[in-house]
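Please read the points with the model open.

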Amino acid sequence: MSRIVGIDLGTTNSLVAYVDDKTGQPRVISDRDGQRLLPSIVSFAGEGVLVGAAARRQLVRRPQSTVYSIKRLMGRGYEDVKGELRYFPFKVLPSEGIVKIQIGSREVTPPEVSAIVLRSLKERAEAHFGEPIEKVVVTVPAYFDDSQRQATKDAGRIAGLDVVRILNEPTAAALAYGLQRLHEGVVAVYDLGGGTFDISILRVKDGVFEVLATNGNTHLGGDDFDRAIVRWLLDEIRGGHGADLSPDPEAMQELRLAAEAAKVRLSTDERTPLTIPFDAFTYSREITRGDLEGLIGQLVDSTLLPCRMALADAGLAPADIDEVVLVGGSTRVPLVRRRVHELFGKTPHSQLNPDEVVALGAAVQAHILAGGITNMLLLDVTPLSLGIETLGGIVSVLIPRNTTIPTNAREMFTTSVDGQRVVDMHVVQGERELAKDCRSLARFELSGVDPMPAGMPKIEVVFLIDANGILQVTATELRTGKAAAIEVRPTYGLAEGDVDRMVEESFTYAEADVEARLLIEARNEADTVITHVERALRQGEALVGAEEQQTIGAALDALRRARATEDRELIREATTAMNRATEHLAELMMDAALKAALASRRADQVLEK
Ligand code: ADP
Ligand code: MG
């Protein structure tokens, strides 16, 4: 078996780890200078590329060509991220459903940028082992959707790596602490990094992890602590020296670095000196942990609401949590630990370095996959439901949210229009009843269908999610058995926001959504019946007498009028009356297929044209 390493590809920092064969313990691999964390920053300079700490030093000098926080753009469309682009000094452009970053005359995609970080970690591991490394486990946030996971896999491929498994970060953290060995239990993973906060509630049962709920804040982390300190320093300097440093990028960077360094020292020390030499003067003072806590108290408290919401989503109380795991560099701040301890009423796990646990867990998973540990089963779940848009814009779910992966599902669909040769397939993700309220994942065409009356083609749609959470959708027209050409083209950006919000909205709008769905279904059914009755009347005119024809005609008019209203009950009644009025005609018509078509069918099984 070839070696597999684990990689935490973070928004702020990335790192690589492996399990030591002799001790069976996971270890982080350092670079030549002994650095364990690699800042996830890439700086483009002419033909050259800098990565990590060297790239970070370019942030002030080359803001337009130094790319950071690329994880926020992975697998996202322009619509998804345009709201946060103002935070980036580099130029982000829309590009065929994804985004690109423009560096001078060059354009790079987010996976290409991440690949540079991954390649650097690959080289680190190769230098450590003295052999080529090709296989990796890479972690992603639990709320990452399929496009974001796919983009992460793409980054691996570009870096010359085979991503054998995409692993959820909270699951990795729980693995690092060996919590898969719990016979049964619930684990809360509190992850406060540089710019993001994630809370995940996991259930462990017989070695299997299931994500019960996730919540968080995509713009809250240690960077906000730094900014709070910088604002305070700016005020102090304005008061004491009469100098406003905010328009000076170099001075601001000095302040940021000094603020972060002081914050880090205050995680272990009660007080620390803060000295910043500027051109005109040197600023110097002491800052205490109390000062820091005063500055960041509200920020820390704002992480507690998402925790409570995640607990509520999981249907649990704080006391139901068996283990709490701290993840992310910012959980080294004593105030953060205190608050988490208070909320859950138990001491959180913090024996391992919080900014390393995800990579360590990825290494454990890699070790399991490489065959190092065989008596363990590891599974993840789908964060959101996956389905197909059907007639009237209704979603037909094939794989519900929280389904353990790998998994597959198949369902039969048909057409809504006579002679339809091309069927548009729209793959969506989300918890709402209507496709327009879900996230659009991909559209593709099933073409080359033989022209048939509506309702005749048998279209089998198969969803397949592999162990990495990557979704494959295929559609086949079974009646003709003809090889249909299918083209999957991902499109992004129907809905902004994350899993939590989508789940939350599905509760908020549950009633209205169901109403809307029922109305559309009633209309779809009415449309189907109208089409078939019209056809039956044309074909079977000679079979029935004038009186019966008139009865059917009257029922048809009534149904058309009902169809135009918003009254679901009325439409249903008119449809039933229509069916009754045509019973005799249907019997007379020998064509079994037409008979079947006249019988009411489930409208949600008809694909959107
Ligand atoms: P991410 O998961 O976002 O890539 P990390 O988990 O590496 O990031 O966390 C980075 C953040 O942790 C930074 O804001 C950094 O300042 C902060 N951090 C690291 N060490 C400490 C410390 N000892 N005390 C307080 N904050 C720290
Ligand atoms: Mg992280």
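1. Two strands are taken to pair if DSSP finds at least two bridges between them. Helices (H or I, at least four residues) and strands (E, at least two) are DSSP runs, numbered from the N terminus. On this basis, L464 has Q472 in β27 as its bridge partner.

2. This is a predicted model, in which local features need pLDDT of at least 70 and side-chain atom pairs count only at pLDDT 80 or more, whereas totals for chains, interfaces and linings use all residues. Residues are numbered from 1 along each chain as its sequence is written, chains are lettered from A and ligands numbered from 1 in the order in which they are written, and side-chain values use heavy atoms, with hydrogens and water left out.

3. The strands of point 1 belong to an open sheet of three strands, ordered β23-β26-β27 with antiparallel pairing. Each of β23 (407-413) and β27 (471-477) stands at an edge with a single partner strand, so one side of each has no neighbour in the sheet. From one strand to the next the twist averages 15° (axes are lines fitted to C-alpha atoms, for helices over the stretch in contact, and angles run from 0 to 180 degrees between N-to-C directions). Seven antiparallel bridges join β26 (residues 459-465) to β27.

4. A further open sheet has four strands in the order β15-β14-β13-β18, and its pairing is mixed. Its edge strands, β15 (208-217) and β18 (323-327), each pair on one side only. Here the twist averages 20° from one strand to the next. Strand β14 (residues 197-205) pairs with β15 in the antiparallel sense over nine bridges; within this pairing, L202 has V211 of β15 as its bridge partner.

5. Ligand 1 is surrounded by 18 residues, of which T12, N13, E260, K263 and S267 are the closest (a residue is near a molecule or strand if one of its heavy atoms lies within 4 Å of it). The shell comprises two nonpolar, eleven polar and five charged residues. In this division, Ala, Val, Leu, Ile, Met, Phe, Trp, Tyr, Cys and Pro count as nonpolar, Asp, Glu, Lys and Arg as charged, and the others, Gly among them, as polar.

6. A polar side-chain atom of K263 lies 2.7 Å from an oxygen atom of ligand 1. Polar backbone atoms also approach ligand oxygen atoms, at 3.0 Å for G194 and 3.3 Å for T11. Taken alone, ligand 1 exposes 580 Å², and the protein buries 89% of that (accessible areas come from the Shrake-Rupley method with a 1.4 Å probe; for residues, only the protein chains shown count as cover).

Terms used: A polar contact is a pair of N or O atoms within 3.5 Å; within protein, one must be able to donate a hydrogen and the other to accept it, and residues adjacent in sequence count only if both atoms are side-chain atoms.
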